[in-house]
Amino acid sequence: MHVRGRCASRDAAEITVPTGDQSPTDAVINPPLDLVDSHAHLDFAQFDADRDEMLTRARKVGVKTILAIGIGEGPHQLRAALPFAEKYDWIYASIGIHPDAAHQASPAHFDEMRELARHPKVIAWGEIGLDYHYDEPPREVQQRVFRRQVELAREAELPIIIHCRDAWDDCLPILEEMWKPTGIGGILHCFTGTEQHARRGLDMGFLVSFAGNLTYPKSGALRQVAAKLPLDQMLIETDSPFLSPQGRRGKRNEPAFVLEVAHALASVRNLAVDEAATATSANFRRLFGMSASMSPEDSS
Ligand SMILES: [Zn+2]
């Protein structure tokens with residue numbers, strides 16, 4: 001299910017924007033950047049052969065924090081992100097059932113998540129939402145499981161991470177009805193919508209997170225959205241191991257490449273890369289009530 005269900009780059013006008021041709025993992029970054037990868041699937045098998053080295057490469061380019069997404073390969077793996085959060089003080093975890101797996105969700109899974117939500121390193125609920133790119137699971141099943149998790153996240157007072165693909169007309173009204181009144185906010189992950197969609201999210205306290213598709217030649221419309229939204233309401237992410245930036249497409253993605261997303265955002269905003277990195281990292285910490293010192297530099 002995770003081969004599909006990734007966010008699609010928009011079919012938009014071809015506008016090429018330079019996105020940093022450096023080789024970020026080899027370059028010596030001085031002074032080190034302050035980067036946060038707000039969305040990575042560290043548990044996936046694509047990292048089995050070199051997971052430690054992959055995390056070391058992320059630290060080398062300046063990744064101070066990763067939010068490890070805990071959807072696993074389905075609801076039988078709700079603890080998927082916890083081992084990383086428990087091993088590394090700079091990695092945090094989410095829990096949730098992805099819309100692609102909604103048909104597998106059972107009451108026992110909801111009970112388990114309610115339990116896991118109390119774990120001190122679980123800081124978010126997601127990724128949850130709606131994905132209408134394929135015809136399954138049925139939309140009503142996705143909506144039921146989405147709504148149930150929104151209720152549970154509200155009860156746990158955890159920000160939610162939204163996966164929405166080709167489903168904005170259903171997803172935003174559900175959030176406006178059920179989530180906006182909580183004031184808890186969250187993340188519109190791997191954003192691919194329009195400026196209007198983004199602004200409806202911002203009005204509810206969501207941050208808009210941009211991924212590697214921001215670097216794609218065909219993502220002109222998405223870059224225009226990234227150019228217009230308030231800088232203090234944006235995040236960057238990799239969605240590793242998926243969605244590699246341009247130049248690495250077709251290959252595995254990893255958290256170190258969040259630097260390339262930072263370059264892309266910096267380019268559309270006319271900022272230096274360290275400014276884009278610092279701003280998005282501050283936004284992440286503000287959403288989750290973290291201080292910069294909660295992203296320690298000297299651990300590995
Ligand atoms: Zn994801």
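1. Let's start with strand E7, residues 206–210, in this predicted model. Of its 5 residues, 5 are buried, so the strand is largely enclosed by the rest of the structure. Look at which way the side chains go: Phe206, Val208 and Phe210 point one way from E7, while Leu207 and Ser209 point the other way, and all are buried.

2. Which strands pair with E7? One partner is E6 (residues 186–188), which pairs with E7 in the parallel sense over 3 bridges. To find this pairing in the viewer, look for glycine 186, which stands opposite phenylalanine 206 of E7. The other is E8 (residues 234–236), again a parallel pairing with E7 over 3 bridges. Here valine 208 has methionine 234 of E8 as its bridge partner.

3. Now follow the chain between these strands. E6, helix H6 (residues 195–203) and E7 make a right-handed β-α-β unit. From E7 the chain then crosses through helix H7 (residues 220–228) to E8, and this β-α-β crossover is right-handed too.

4. Step back to see the whole sheet. It is an open sheet of 8 strands with parallel pairing, in the order E1-E2-E3-E4-E5-E6-E7-E8. At its edges stand E1 (35–40) and E8; each has a single partner strand, so one side of each is left without a neighbour in the sheet. From one strand to the next, the twist averages 30°. As a reminder, strands of a sheet pair through backbone hydrogen bonds, either parallel or antiparallel.

5. Another part of the sheet is worth a visit. E3 (residues 91–95) and E4 (residues 122–131) run parallel and are joined by 3 bridges. Serine 94 has alanine 124 in E4 as its bridge partner. Helix H4 (residues 139–156) lies across E4 and strand E5 (160–165), and it runs at about 160° to E4.

6. Finally, the nonpolar core. The largest one has 88 residues, and Ala68, Ala262 and Leu265 have the most contacts inside it. Helix H8 (residues 258–269) gives the most to this core, with 8 residues. What does alanine 68 touch, leaving aside residues up to four places away in sequence? Its contacts are Ala40, Leu42, Ala81, Phe84, Ala85, Ile91, Tyr92 and Ala93.

Conventions:
Residues numbered from 1 in each chain as written. Predicted model: local features only at pLDDT ≥ 70, side-chain atom pairs only at ≥ 80, totals over all residues. Buried ≥ 20, exposed ≤ 12 C-beta atoms within 10 Å, placed from the backbone. Helix = DSSP H or I, 4+ residues; strand = E, 2+ residues; numbered from the N terminus. Pairing = 2+ DSSP bridges. Right-handed = clockwise from strand over helix to strand, strands pointing away. Core = buried A, V, L, I, M, F, W, Y, C linked by C-beta atoms within 7 Å. Contact = placed C-beta atoms within 7 Å. Axes fitted to C-alpha atoms, helices over the stretch in contact; angles between N-to-C directions.
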